[in-house]
Amino acid sequence: MTLVDKEPTAAIEDIQKRFESAGYICDMHIATCIYLSQKLDKPILVEGPPGVGKTELAKATAELMGADLIRLQCYEGLDESKALYEWKYGKQLLYTQILKEKLGDLLEDAQGLDASMDKLHQFGDHFFSEQFLEARPLLQAIKSEKQTVLLIDEIDKSDHEFEAYLLEILSDYQITVPEIGTIKAKTKPIVFLTSNNSREMGDALKRRCLHLYIPFPDSDRERQIIETRVPEVSENLRNQLVAFVQQLRTQDLKKLPAVSETIDWARTLLLLHADSLDTEIVRNTLNMLLKFEDDIDNMHIEIPKMVAEAKKVTR
Amino acid sequence: MNRPLAEFVDMLRYADVPVSIGEVLDAARTIDLLGYSDRNLLKSALSQVMAKTTDEMVSFDQCFDDFFTIDTDLNLGENLLEQVSDIDESENSDSSDGGEDAQLAALDNLENAPSASGDGGGGGGEGSASSPSEGSGTQPSTLLEMLEQADRTGLTMSMNAAAEAIGLSNIVLSTQRGLFTRRVLDEMGLAEVNQEISDRRREDNEEGAEELSRRLSVLFEATRDMVERQLALTSAGKSNQFRQEVLKKIRLSNIENRDFRIMRDMVRKMARRLTDMNSRVRKVKNRGHLDIRKTMRRNVAYDGLLFETHWKQKEKDRPKVLAVCDVSGSVASVARFLLLFLYSMNEVLPNVRSFAFSGTLGEITDLFERHGPEEAIPEAIEIFGGRSTNYGRAMEDFRDLVFDEIDSRTTVIFLGDGRSNGADPRADILRDIKKRAKRVIWLNPERKSVWGTGDSEMTKIAPNCTVAEVCNSLSKLELVIRDLLKTS
C-alpha cells in the first residue's frame, strides 16, 4: 500500500488524515517527512524529548502501510551479532562432522593426495552459506519479501562502533557479510531511527537520514491527541488538563511532562471520575505527570494558582 | 543545480549549517518534487533534508526566512527602486493605479517615467529642474540629474556600482548599517544633491527643495533596504561565527558576564569532544561473558574443540581526572572561567574530582554535583578564594587527600599561575605525583615570558609536569587539550 501516489500537497494531507484515522495525530511537518522519506528512499532520524511519540510514529506507519514492524532496541554493548547476523555455530559444527564421516566414502576411489584434493574441491562449500546464517533484526528487515518498517530505537544509547554498522543499510539498503557477499534488500524497508539526544550522532549517520524533530505539541494539538486517545474524557476536563500540562511545561523542572504522561493522566482522572480539575485531585495525581520528587515538591505550592489559571483558560 | 539553491546553500554554510553535497542533491530532488509554490511546505521539507540538529534547525529557519522573503522580491535592486519611484509617480501625478498595476505599468513605460514625474512635479520645480536635464539629455550621469528625472535604471545601476565600490559585501554587524548606507550615498554623489537642496532653499525655491529632498529620502530608503538585504545575506550566520571566534580569542579575564552563557556552551562542547576522544575501547578483557561466536569461529580449525577462548568484555579507557584550581586573588579574573571548565568536565566525564585552593585546598566535586554553575562557581570562590596563595600548603593537602588514588590512568590537571607568595611550592610532591600518574598538566594563565619572575615558581614547577602550558584563551585551551589527546 502506498501513501504517495498523488500530488505532493494532496499526498501530504492524505497522510495526515490516514494517520489521524490510525489514532496518531501528526502535523504537516511530520507528514511532509513521511512523504519525503518515501519519495527519496531515505531513513528518518526522529529526535525529540522522551514521550512525544517518536516510537509511536513508526508503529503507526507500520499499521497504516500494513507492513511488519521490526524493532531493534539499542543499548550500550549492542554488537553486530545481535543486530545484523550470526552464524549458526552448532549446525556448522555438525556439518563438519557429517562431512568428515562422508569424506571417507567419497574419496575412496581417489589415488594419491592430489586426486583427493581435486575431488574435494568438486564439492560445494556450504560451511559459510545462507543456510547457516541466523538473521538478526537488521538482516531480517533486508531479507523480508514483504514491506517492513524497521525501527531502530534509541540509537543514541548504542556505541560509536554500532553507528558504523548501520551506515551501509541506511544508504544502500544492503548488508555485506564478508564470507558470503552482499545481500541487497528485496523490498526496501522504511527505516526510523529514534534518538533522545543523550549523545550527538555522527555526521555520517545524520547525512544519510532525514532529520525530524518532534517538539512538545501545542495545546490545540495536545487536545486533539487526548481526544483521539482517551475519547471518554469530557471536553471540559480535556481543555483544563491540557491547559494545566501546558503551564507545567513552562516551569523549571527536571523532567517536563510529555504527551504520554498527559494521556496517562487523562486516563487516571477518568478512573477517578473527575469532571473538572481541583487542587486536591491534582495534588493526589501529580505523580503521573512529574517523575522526580524534587519537581513534585517544587510544584506543590504553585498548584492552586495553576489550577485556577487552567480553569480560566477553558471558560 | 539551480542558482537560488546554490546561493541558499552558501548562506546556510555561512550560518554554521554544514550542508554536504549529498544533502544538496537531496534538497534539489525535494525542490523538484514540491516546487516553490508552497513556502511553508518547502521550508519544513528542506529543514528535514538539510538541518540535522536542533541548533542547525534554528539557523536554518532564520536563513530560510531571510533568503526567501528576499527571493519573492527578486529582480533585486531594480524592482525595489521601481516600487519606490512608483510611489514617487503616483504621488506626483495623482495616479489612480494602485500598487501592482502601477508597478507593471512602470516596467513597460520606462521612458514615460521622467515626463510623468516632470508633469506632476511641475510648478515650482521647473525652473531649476530644466537646466540640468536639458544638458544631459538621455544620458543623465550625476545623482542630482537622475533624481530629478526619476531615472530608476540609472539610479539602480549607480547604486549597485557604488555598493561595489565601497565593498558593501564586507558588512558584518547590524550596527554598521547606517555607516554603509551613508557611504553608498556619498559614493553616488550625495554632497551635490544636498548642496542643490540648500541652494534652492536659499533661492526661496521652497517647493523645489522640498520635492528634491523628498526624492532623496526615497532614495535613502531604497539604499538602506539594499544594505539591509546585504546584511541579511552575509552576516546572519557570520555574526554568530564571528562572535564565537572573537570570544575564543579574547583573554579569559575580559569575558563579560553576558557572554558567560555562550562560553559555557563552548566549553561544554570542548569537554564533550574530550570525552568522546578519550573513551575508545582499548583492549579485550579476559573475563566476563564468553564470545561464543568468535570462539567457535577461531576454533573450527581445531576440529571444533574450544581451545582458544575469546571474551566479550571490552575495557574502555575511562580516564580518571583530578583537577586542581587556584582561586586566589592573583588569578581571580580567570578563576571563574577555569572553574567553569572544571564544571563542564565534571558534567561530561564520569571520573572527575575537582579541588580548589588559595590557602588551604578542598574538594568541590560535591558542590558541582549539587548546584548549577551559576551558584556553584561563586560559592567555590567564596569558600576557598580570597586568602593568599600557598602552593606548598595546597600541594600537601592534595597529597594527603588523594595521593593513594593516583594511578597510571590518572590525569592530574593544575590550573594556576604558580605564584606562591614566597612559600616553597613543594615541587618534590609534584615530582612524586608525576611518577605515579599518567600525566600531570599545568595550565598557567600567564605569559611564558613572566614565568619565574617575582614570586612565580614556574621554573621549579614546570620540569615536574608532563606538560606546562600557557592557557589564557579558549582557543589556547582547546589546542593544549587536543595535543594532549594526540599524544596519549
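Among contacts in chain B between residues at least 6 apart in sequence, what percentage join residues at least 24 apart? The figure is 71%, where two residues are in contact if their C-beta atoms, placed from the backbone, lie within 7 Å.

Please note that this is a predicted model, in which local features need pLDDT of at least 70, side-chain atom pairs count only at pLDDT 80 or more, and totals for chains, interfaces and linings use all residues. Residues are numbered from 1 along each chain as its sequence is written, while chains are lettered from A and ligands numbered from 1 in the order in which they are written.

Chain B contains 21 helices and eight strands; these are DSSP runs, numbered from the N terminus, with helices being H or I of at least four residues and strands E of at least two. Of its 488 residues, 36% count as buried, meaning that 20 or more other C-beta atoms, placed from the backbone, lie within 10 Å of the residue's own.

I turn now to the nonpolar cores. Such a core is a set of buried Ala, Val, Leu, Ile, Met, Phe, Trp, Tyr and Cys residues joined through C-beta atoms within 7 Å. The largest has 95 residues, and those with the most contacts inside it include Phe244(A) and Leu12(B). Helix α11 of chain A, residues 235-249, supplies the largest share of this core, seven residues. A second, separate core of 52 residues includes Leu339(B) and Cys471(B).

Finally, the contact between the chains takes 21 residues from chain A and 22 residues from chain B. On the side of chain A that touches chain B, α2(A) gives the most, with seven residues.

Note on methods: Buried ≥ 20, exposed ≤ 12 C-beta atoms within 10 Å, placed from the backbone.
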